[in-house]
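Subject: Structure for you, with notes

Hi,

Here is the structure I said I would pass on. Have a look at it first, and my notes follow below.

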Amino acid sequence: MTAILTSRLPDCRPLLADPDDLTLVFQPIVDLATARVVGYEASSRFPGTAGPDVWYAAAADCALAAELEALAVTRALAAVPLLPDGTSLTVTVSPHLLGSAPVQDALATRPDLSRVVVQLAGHTPVDDLDALRRHTDALRARSALVAVADAAAGLPTVAAVRPELLTLDRALVTGVEGDPVRTALTEVVRDLAGRIGARLVAEGVETAAELAALARLGVPLAQGWLLGRPTPEPAPLAPGVAALVGTHAARARVCEGLAALVRPVRQCDVGSPLPAVPPAVLVGGRGEPVGLWLACPRTREPHLAPVSLRATPSDAVAATLQRAMARPPAQRFDPVVCTDASGAVVGLLRVDDLAAALARA
């Protein structure tokens, strides 16, 4: 069986002898906050119908994996002058091959790597993480940035090299808008990126729903067929795509937090006389809310009500409105009490204001 499978792999030696048969395509990487292309990922295209994975498997089978990756790196670095101003080029390298002589020679063809992101494949195990760290430090000394692909699968590599960029694999992006597990994992990787000072790139964005979910989750960068397919030359963002990204960015900013919607409110210590005119919040000894002094919407008569929902200024508008509307009917339109990190009252949020903010988006 092994012999049969091996015989089906392409022979990569003619390709290495005639490197012009290897071509490149460029897929845009988009800043979701500004609807602007900030970089391109260079991918190899090989002759025939076999995909890159088959070609790299064939190269590994005949002990030429480093040579084939070196060819792809050389071709990619030669394309840096084609980039539009203000953009970078992402070049993927297998981490276990980064220190090999062919790949090092390929990286040396461009001494200045200030517009280059060297992305380490996250699925490939690495035996010597110390050596990998030394190689990535050497790349940074030449002004390159370092990325780790599929951060969820490459955590040991992330810990070793402390990359400037992480990627969120397509397996987590696909269907993220309706999957609480994918949403939670995206939040974990996003928070990891933030804690180590890296930026997160979501890969494989193919639907507007995925784009909207990623924007709401605060993922800063994305790529995928929805945003731009791979092209033989670096291409700008299509006007319609830019408009779509801008729309979702605006909606995400509205949903980003509640701070702009918080209304000041009087606070009364428990046991103190209540004001003649509601609203007011009854607070305990630490400033925490323990009750509401409200006016009945129909009769305008003041009454005491429980604190049925709390939120913080950083909570999302959409999520807070959803929680508010999930309350029992008698409390559904009561104000939401906004508190700070210590639990002290900051102000009140009206349900009507939450709904209006979403409608404006």
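Let me start with helix α12, which spans residues 317-325 and has Val317, Thr320, Leu321 and Ala324 as its buried residues. Seen around the axis, those residues cover an arc of only 100°, so they sit on the same side of α12. Before you go further, keep in mind that this is a predicted model.

Some overall numbers for orientation. The chain has 361 residues, and 45% of them count as buried. Its secondary structure comes to 13 helices and 15 strands. If you take the contacts between residues at least 6 apart in sequence, 62% of them join residues at least 24 apart.

Which of its residues are buried? They are Ala131, Leu132, Thr136 and Leu139. Down the axis of α6 these fall within an arc of 135°, so they line one face of the helix. Turned away from that buried side is a face with the exposed residues Arg134 and Ala141. The cover over the buried residues of α6 includes two helices, α5 (101-107) and α7 (155-161), along with the strands β4 (116-120) and β5 (145-148).

Both ends of α6 have a detail to check in your viewer. At the start, a side-chain oxygen of Asp128 comes to within 3.3 Å of the backbone nitrogen of Asp130. After the helix comes Ser143, with a positive phi near 80°.

Now the sheet. Four strands make up an open sheet with mixed pairing, in the order β9-β10-β11-β12. β9 (266-269) and β12 (302-305) are the edge strands, each pairing on one side only. From one strand to the next, the twist averages 30°. Strands β11 (residues 289-295) and β12 run antiparallel and are joined by 4 bridges.

Val176 lies in the loop between α8 (170-173) and α9 (180-195). Leaving out residues up to four places away in sequence, Val176 touches Arg182, Thr183, Thr186, Glu210, Ala213, Leu214 and Leu217. Val176 and Ala209 are 33 residues apart in sequence, yet their C-alpha atoms are 8.4 Å apart in space.

The other one is Asp31, in strand β1 (residues 23-31). With a relative accessible area of 9%, Asp31 is buried too. What does its side chain reach at 2.9 Å? The answer is the backbone nitrogen of Ala33. Beyond residues up to four places away in sequence, Asp31 touches Arg36, Val38, Arg199, Pro220, Leu221 and Val245.

That is what I have for now.

Cheers

Key. Residues numbered from 1 in each chain as written. Predicted model: local features only at pLDDT ≥ 70, side-chain atom pairs only at ≥ 80, totals over all residues. Heavy atoms only, no water. Pairing = 2+ DSSP bridges. Axes fitted to C-alpha atoms, helices over the stretch in contact; angles between N-to-C directions. Buried < 20%, exposed > 50% of the residue type's maximum accessible area, 1.4 Å probe, protein only. Arc of directions from axis to C-beta. Contact = heavy atoms within 4.5 Å. Polar contact = N/O pair within 3.5 Å; in protein donor to acceptor, adjacent residues only side chain to side chain.
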